[in-house]
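Overall dimensions come before the details.

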Amino acid sequence: MNWSLSPPSLPVVVLIAYFLGSIPFGLIFTALAGGGDIRRIGSGNIGATNVLRTGRKGLAAATLLFDALKGALAVLLARRFCVDATQTAMAVAAVSVVIGHCFPVWLRFKGGKGVATGLGTIWVLCWPVGLACCVIWLAVAKLSRISSAGALTAFLAAPALMPPLSEQPIQSPLPVAALLVALLIWVRHYGNIVRLISGNEPRVNMNKPQ
């Protein structure tokens, strides 16, 4: 597998993906809808799960969708314009867009946890893996009523599913990208993991604000 990427292309892929990822849709949508600063609500996170705590399911759904779309778009752009090293460019874009979401320069590097954006990247890297991760996420979250448990399980599965479903060896760009994205998301969920272990992780109530 050729990992080479021409020097001028790599910084462009990183920058475009990072700045796409850094668009804080949860913060923007909540503010436009008159909900105030989402960083002062619930957990203070800018992602869809915290937006749901405002009691506005539509805003939460829009945040989830647009956060996923920016992840998908970053990888699609890399695939479209970096034809000499397509898989490497896609892998770089996938990791960079999730970093942008988690550490946006506009918000002093205090962003979301990367779940929706990460799923968007996985869908484009290999849609069967993306589909499997979505099913796992929704199933575990529904059974446990803990969103973080679903997300962590889905991204634990992603690196394992990528080699067989993408038909790429484990050391190739796509499986490595899935692993790095999963690691980023697990690191960003450190507090959730501690609470899950202690049994103190809050459950998502779909009927009223939390």
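## Overall size

The model shown here is predicted. A compact globule of 210 residues would have a radius of gyration near 17 Å, and the protein chain has 17 Å, so the two agree. The C-alpha trace spans about 50 × 35 × 25 Å along its principal axes.

## Secondary structure

The protein chain contains ten helices and zero strands. Its pattern, read along the sequence, is α-α-α-α-α-α-α-α-α-α.

## Burial, surface and contacts

Of the 210 residues in the protein chain, 48% count as buried.

## Packing of α5 and α6

Helix α5 covers residues 86–102 and helix α6 covers residues 115–125. Their axes lie 9 Å apart, and the helices pack at an angle of about 170°. Angles over 145 degrees count as roughly antiparallel, and α5 and α6 are therefore roughly antiparallel to each other.

On the α5 side, the contact is made by Met 90, Ala 91, Ala 94, Val 97, Val 98 and His 101. Helix α6 contributes Thr 117, Gly 118, Thr 121, Val 124 and Leu 125. Seven residues of this contact between α5 and α6 are nonpolar, four are polar and none is charged.

Terms used. Residues numbered from 1 in each chain as written. Predicted model: local features only at pLDDT ≥ 70, side-chain atom pairs only at ≥ 80, totals over all residues. Heavy atoms only, no water. Axes fitted to C-alpha atoms, helices over the stretch in contact; angles between N-to-C directions. Helix = DSSP H or I, 4+ residues; strand = E, 2+ residues; numbered from the N terminus. Parallel < 35°, antiparallel > 145°, perpendicular 65-115°, else oblique. Contact = heavy atoms within 4.5 Å. Nonpolar A, V, L, I, M, F, W, Y, C, P; charged D, E, K, R; others polar. Rg over C-alpha atoms; globule rule 2.2 N^0.38 Å. Buried < 20%, exposed > 50% of the residue type's maximum accessible area, 1.4 Å probe, protein only.
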